[in-house]
Amino acid sequence: MTDDRLAIEYLSVFGLPPVEFVRLAAELGVGQISMGLTAMPLESLGYPHFSLRDDSALRRDMGTAMYDCGVQISLGEGFLVVPGADCRAYAADLDLMRELGAPRINTLGLDPDRDRTFDQFAILTELAAERGMQTTLEMMPGSVVGDLDTALAAVRHVGRQDFRLLIDTMHLGYSGAGADDIRALDPAVIGYVQLSDMPVIGGMEDYLVAATFERMIPGTGTLPLADILDALPRDVHVGLEVPMRTSAEAGVGPLDRLRPCVEAARVLVPT
(Lines give C-alpha, C1' and ligand atoms only; values in the text may rest on other atoms or scores of the structure.)
Protein backbone atom coordinates (compact mmCIF):
# COMPACT_ATOMS: atom_id res chain seq x y z
CA MET A 1 0.00 0.00 0.00
CA THR A 2 1.38 3.43 -0.93
CA ASP A 3 1.24 6.70 0.98
CA ASP A 4 -0.70 9.29 -1.03
CA ARG A 5 0.86 12.41 0.52
CA LEU A 6 4.57 11.58 0.50
CA ALA A 7 6.71 11.79 -2.63
CA ILE A 8 10.34 11.08 -3.45
CA GLU A 9 12.12 13.84 -5.35
CA TYR A 10 14.30 12.89 -8.28
CA LEU A 11 17.29 14.83 -6.90
CA SER A 12 17.38 12.15 -4.18
CA VAL A 13 18.19 9.32 -6.60
CA PHE A 14 20.99 10.93 -8.66
CA GLY A 15 19.71 9.92 -12.11
CA LEU A 16 18.33 6.46 -11.34
CA PRO A 17 16.56 5.33 -14.55
CA PRO A 18 12.84 6.19 -14.55
CA VAL A 19 11.37 2.68 -14.42
CA GLU A 20 13.70 1.75 -11.57
CA PHE A 21 12.76 4.97 -9.80
CA VAL A 22 9.06 4.12 -10.03
CA ARG A 23 9.68 0.62 -8.64
CA LEU A 24 11.83 2.04 -5.84
CA ALA A 25 9.03 4.34 -4.73
CA ALA A 26 6.54 1.49 -4.77
CA GLU A 27 8.87 -0.72 -2.72
CA LEU A 28 9.09 2.07 -0.14
CA GLY A 29 5.30 2.40 -0.09
CA VAL A 30 5.41 5.92 -1.55
CA GLY A 31 2.86 6.75 -4.21
CA GLN A 32 4.41 9.85 -5.78
CA ILE A 33 7.68 10.89 -7.38
CA SER A 34 8.94 14.12 -8.85
CA MET A 35 10.55 13.81 -12.27
CA GLY A 36 12.53 15.71 -14.85
CA LEU A 37 12.68 14.84 -18.52
CA THR A 38 16.43 14.26 -18.46
CA ALA A 39 18.79 12.61 -16.02
CA MET A 40 21.09 14.25 -13.50
CA PRO A 41 23.36 11.23 -12.99
CA LEU A 42 26.37 10.96 -10.75
CA GLU A 43 28.95 9.45 -13.09
CA SER A 44 30.43 7.47 -10.19
CA LEU A 45 27.18 5.48 -9.82
CA GLY A 46 27.21 4.24 -13.40
CA TYR A 47 23.60 5.03 -14.25
CA PRO A 48 22.98 5.41 -17.98
CA HIS A 49 21.99 8.79 -19.34
CA PHE A 50 18.35 8.96 -20.39
CA SER A 51 15.95 11.41 -21.96
CA LEU A 52 12.20 11.12 -21.59
CA ARG A 53 12.08 13.97 -24.06
CA ASP A 54 13.71 11.99 -26.88
CA ASP A 55 12.79 8.39 -26.03
CA SER A 56 9.09 7.70 -26.56
CA ALA A 57 9.55 4.02 -25.71
CA LEU A 58 11.00 4.99 -22.33
CA ARG A 59 7.99 7.22 -21.70
CA ARG A 60 5.68 4.31 -22.47
CA ASP A 61 7.67 1.99 -20.21
CA MET A 62 7.58 4.52 -17.39
CA GLY A 63 3.84 4.99 -17.84
CA THR A 64 3.30 1.24 -17.69
CA ALA A 65 5.45 0.96 -14.56
CA MET A 66 3.55 3.77 -12.86
CA TYR A 67 0.23 2.10 -13.67
CA ASP A 68 1.42 -1.31 -12.49
CA CYS A 69 2.98 0.05 -9.28
CA GLY A 70 0.31 2.60 -8.37
CA VAL A 71 2.83 5.47 -8.53
CA GLN A 72 2.18 8.90 -10.03
CA ILE A 73 4.23 12.00 -10.77
CA SER A 74 3.68 14.69 -8.15
CA LEU A 75 5.86 17.41 -9.69
CA GLY A 76 7.52 18.04 -13.05
CA GLU A 77 11.00 19.51 -12.63
CA GLY A 78 13.41 21.35 -14.92
CA PHE A 79 11.44 24.46 -15.91
CA LEU A 80 14.05 27.06 -15.02
CA VAL A 81 14.00 30.76 -15.84
CA VAL A 82 17.48 31.53 -17.15
CA PRO A 83 19.04 34.60 -18.78
CA GLY A 84 18.25 35.07 -22.45
CA ALA A 85 15.72 32.24 -22.72
CA ASP A 86 11.97 32.49 -23.19
CA CYS A 87 9.72 30.08 -21.31
CA ARG A 88 7.60 29.69 -24.43
CA ALA A 89 10.33 27.30 -25.55
CA TYR A 90 9.12 24.87 -22.86
CA ALA A 91 5.83 24.21 -24.68
CA ALA A 92 6.85 20.80 -26.02
CA ASP A 93 8.28 19.74 -22.64
CA LEU A 94 5.06 20.77 -20.95
CA ASP A 95 3.17 18.57 -23.42
CA LEU A 96 5.32 15.63 -22.34
CA MET A 97 4.74 16.36 -18.65
CA ARG A 98 1.02 16.37 -19.32
CA GLU A 99 1.42 13.05 -21.17
CA LEU A 100 3.16 11.60 -18.11
CA GLY A 101 0.32 12.80 -15.87
CA ALA A 102 2.10 15.51 -13.89
CA PRO A 103 -0.46 17.74 -12.10
CA ARG A 104 2.03 20.55 -11.55
CA ILE A 105 5.46 21.79 -12.57
CA ASN A 106 8.11 23.62 -10.60
CA THR A 107 10.11 26.69 -11.58
CA LEU A 108 13.18 28.44 -10.19
CA GLY A 109 14.52 31.88 -11.06
CA LEU A 110 18.16 31.77 -12.19
CA ASP A 111 18.05 35.06 -14.10
CA PRO A 112 19.27 37.96 -11.92
CA ASP A 113 16.84 40.31 -13.68
CA ARG A 114 13.93 40.26 -11.24
CA ASP A 115 11.39 42.01 -13.45
CA ARG A 116 12.11 39.79 -16.43
CA THR A 117 12.02 36.70 -14.21
CA PHE A 118 8.60 37.61 -12.82
CA ASP A 119 7.26 38.10 -16.36
CA GLN A 120 8.65 34.73 -17.39
CA PHE A 121 6.94 33.09 -14.40
CA ALA A 122 3.65 34.46 -15.70
CA ILE A 123 4.29 33.12 -19.21
CA LEU A 124 5.22 29.68 -17.89
CA THR A 125 2.19 29.54 -15.59
CA GLU A 126 -0.13 30.36 -18.47
CA LEU A 127 1.43 27.67 -20.66
CA ALA A 128 1.11 25.08 -17.87
CA ALA A 129 -2.50 26.09 -17.18
CA GLU A 130 -3.39 25.60 -20.84
CA ARG A 131 -2.35 21.98 -20.29
CA GLY A 132 -4.24 21.56 -17.03
CA MET A 133 -1.20 21.86 -14.76
CA GLN A 134 -0.41 24.14 -11.84
CA THR A 135 2.95 25.84 -11.31
CA THR A 136 4.98 26.13 -8.12
CA LEU A 137 7.81 28.56 -7.43
CA GLU A 138 10.81 27.39 -5.44
CA MET A 139 12.43 30.05 -3.28
CA MET A 140 16.20 29.39 -3.04
CA PRO A 141 18.85 31.47 -1.27
CA GLY A 142 21.38 32.78 -3.75
CA SER A 143 18.83 33.04 -6.56
CA VAL A 144 16.82 36.09 -7.59
CA VAL A 145 13.95 34.66 -5.50
CA GLY A 146 16.02 34.10 -2.40
CA ASP A 147 13.54 34.80 0.39
CA LEU A 148 9.84 34.58 1.17
CA ASP A 149 9.18 38.28 0.63
CA THR A 150 10.48 38.08 -2.94
CA ALA A 151 8.59 34.85 -3.56
CA LEU A 152 5.36 36.47 -2.41
CA ALA A 153 6.04 39.45 -4.65
CA ALA A 154 6.33 37.04 -7.58
CA VAL A 155 3.02 35.41 -6.64
CA ARG A 156 1.35 38.82 -6.54
CA HIS A 157 2.87 39.74 -9.89
CA VAL A 158 1.60 36.59 -11.60
CA GLY A 159 -1.78 37.00 -9.90
CA ARG A 160 -3.13 33.50 -10.48
CA GLN A 161 -4.39 30.90 -8.00
CA ASP A 162 -2.53 28.18 -9.93
CA PHE A 163 0.86 29.83 -9.25
CA ARG A 164 1.85 28.89 -5.73
CA LEU A 165 4.92 28.52 -3.53
CA LEU A 166 7.05 25.44 -3.11
CA ILE A 167 8.45 25.41 0.43
CA ASP A 168 11.77 23.58 0.63
CA THR A 169 12.61 23.19 4.31
CA MET A 170 16.37 23.51 3.76
CA HIS A 171 16.03 26.65 1.64
CA LEU A 172 13.56 28.06 4.14
CA GLY A 173 15.88 27.52 7.08
CA TYR A 174 18.97 28.90 5.39
CA SER A 175 17.03 32.00 4.28
CA GLY A 176 16.40 32.82 7.94
CA ALA A 177 12.66 32.12 7.84
CA GLY A 178 10.81 29.60 9.96
CA ALA A 179 7.49 28.28 11.16
CA ASP A 180 6.15 31.66 12.30
CA ASP A 181 6.73 33.07 8.82
CA ILE A 182 4.84 30.14 7.33
CA ARG A 183 1.94 30.61 9.74
CA ALA A 184 1.68 34.24 8.62
CA LEU A 185 0.99 33.15 5.04
CA ASP A 186 -2.36 32.39 3.49
CA PRO A 187 -2.27 28.57 3.37
CA ALA A 188 -3.70 28.69 -0.15
CA VAL A 189 -0.45 30.21 -1.44
CA ILE A 190 1.51 27.02 -0.63
CA GLY A 191 1.35 24.33 -3.29
CA TYR A 192 4.10 21.82 -2.45
CA VAL A 193 6.70 20.99 0.19
CA GLN A 194 10.19 19.51 -0.14
CA LEU A 195 11.49 17.95 3.06
CA SER A 196 15.05 17.42 4.22
CA ASP A 197 17.25 18.38 7.12
CA MET A 198 20.29 20.66 7.04
CA PRO A 199 23.84 20.15 8.30
CA VAL A 200 25.86 22.92 9.91
CA ILE A 201 26.86 25.14 6.98
CA GLY A 202 29.19 28.10 6.49
CA GLY A 203 28.89 30.37 3.47
CA MET A 204 26.77 30.33 0.33
CA GLU A 205 29.14 28.13 -1.67
CA ASP A 206 29.04 25.45 1.03
CA TYR A 207 25.27 25.81 1.18
CA LEU A 208 24.75 25.25 -2.53
CA VAL A 209 26.94 22.14 -2.50
CA ALA A 210 25.09 20.74 0.51
CA ALA A 211 21.68 21.52 -0.96
CA THR A 212 22.57 19.72 -4.19
CA PHE A 213 24.50 16.75 -2.85
CA GLU A 214 24.52 16.35 0.94
CA ARG A 215 21.20 16.86 2.70
CA MET A 216 20.28 15.00 5.87
CA ILE A 217 17.58 12.56 6.91
CA PRO A 218 14.67 14.54 8.41
CA GLY A 219 15.14 14.90 12.15
CA THR A 220 18.92 14.41 12.13
CA GLY A 221 20.09 17.95 11.33
CA THR A 222 19.69 21.52 12.50
CA LEU A 223 16.16 22.42 11.34
CA PRO A 224 13.12 22.56 13.67
CA LEU A 225 11.19 20.37 11.25
CA ALA A 226 8.32 19.39 13.54
CA ASP A 227 7.43 23.06 14.03
CA ILE A 228 7.84 23.90 10.34
CA LEU A 229 5.73 20.96 9.21
CA ASP A 230 3.04 21.77 11.76
CA ALA A 231 2.76 25.25 10.23
CA LEU A 232 2.28 23.95 6.68
CA PRO A 233 -1.05 22.96 5.09
CA ARG A 234 -2.11 19.35 5.53
CA ASP A 235 -3.32 18.93 1.94
CA VAL A 236 -0.08 19.38 -0.03
CA HIS A 237 2.40 16.75 -1.13
CA VAL A 238 5.61 16.43 0.86
CA GLY A 239 8.50 15.37 -1.34
CA LEU A 240 11.61 13.89 0.23
CA GLU A 241 14.52 15.74 -1.36
CA VAL A 242 17.45 14.13 0.40
CA PRO A 243 20.47 13.65 -1.88
CA MET A 244 23.29 11.92 0.00
CA ARG A 245 26.27 11.69 -2.33
CA THR A 246 28.78 10.43 0.22
CA SER A 247 26.56 7.50 1.15
CA ALA A 248 25.76 6.75 -2.50
CA GLU A 249 29.42 6.71 -3.50
CA ALA A 250 30.19 4.51 -0.50
CA GLY A 251 27.91 1.86 -2.00
CA VAL A 252 24.67 2.50 -0.08
CA GLY A 253 21.90 1.91 -2.60
CA PRO A 254 18.87 4.16 -3.07
CA LEU A 255 16.54 1.82 -1.18
CA ASP A 256 18.74 1.82 1.91
CA ARG A 257 19.42 5.56 1.67
CA LEU A 258 15.79 6.51 1.36
CA ARG A 259 14.08 4.02 3.65
CA PRO A 260 15.11 5.92 6.83
CA CYS A 261 13.97 9.16 5.18
CA VAL A 262 10.52 7.70 4.51
CA GLU A 263 10.31 6.30 8.04
CA ALA A 264 11.29 9.66 9.53
CA ALA A 265 8.78 11.53 7.37
CA ARG A 266 5.96 9.26 8.47
CA VAL A 267 6.72 10.25 12.05
CA LEU A 268 7.21 13.95 11.40
CA VAL A 269 4.61 14.82 8.76
CA PRO A 270 1.21 15.61 10.32
CA THR A 271 -1.77 13.75 8.90
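Colleague: How many aromatic pairs does a search of the whole structure find?

Modeller: The search finds 4 aromatic pairs. Please bear in mind that this is a predicted model. In one of the pairs, F118 and F121, the ring centres lie 6.2 Å apart and the planes meet at 25°; planes under 30 degrees apart count as stacked, so this pair is stacked.

Colleague: Where do F118 and F121 lie in relation to one another along helix α4?

Modeller: The general idea comes from helical geometry. An α-helix has 3.6 residues a turn, so residues three or four places apart point the same way. In this structure, F118 and F121 are 3 residues apart in helix α4 (residues 114-130), which means that about one helical turn separates them.

Colleague: Is F118 buried or exposed, and is F121 buried or exposed?

Modeller: Buried means under 20% relative accessible area. F118 is buried, with a relative accessible area of 5%, and F121 is buried as well, at 0%. These two residues also belong to one aromatic cluster, which F118 and F121 form with F163.

Colleague: Which residues of helix α8 are buried?

Modeller: In α8 (residues 204-213), the buried residues are Y207, A210 and A211. Viewed down the axis of α8, these buried residues fall within an arc of 100°, so they line one face of the helix. Helix α6 (169-175) is included in what covers the buried residues of α8.

Colleague: At what angle do helices α1 and α2 pack?

Modeller: Helix α1 (residues 18-27) packs against helix α2 (residues 56-69) at an angle of about 10°, and their axes are 9 Å apart. Angles under 35 degrees count as roughly parallel, and α1 is therefore roughly parallel to α2.

Colleague: Which residues make the contact?

Modeller: From α1 the contact uses P18, V19, V22, R23 and A26, and from α2 it uses L58, D61, M62, A65, M66 and C69. By class, the residues of this contact of α1 with α2 divide into 9 nonpolar, no polar and 2 charged.

How values were computed:
Residues numbered from 1 in each chain as written. Predicted model: local features only at pLDDT ≥ 70, side-chain atom pairs only at ≥ 80, totals over all residues. Heavy atoms only, no water. Buried < 20%, exposed > 50% of the residue type's maximum accessible area, 1.4 Å probe, protein only. Helix = DSSP H or I, 4+ residues; strand = E, 2+ residues; numbered from the N terminus. Arc of directions from axis to C-beta. Contact = heavy atoms within 4.5 Å. Axes fitted to C-alpha atoms, helices over the stretch in contact; angles between N-to-C directions. Parallel < 35°, antiparallel > 145°, perpendicular 65-115°, else oblique. Nonpolar A, V, L, I, M, F, W, Y, C, P; charged D, E, K, R; others polar. Phe/Tyr/Trp six-rings, centres within 6.5 Å; stacked < 30°, edge-to-face > 60°.
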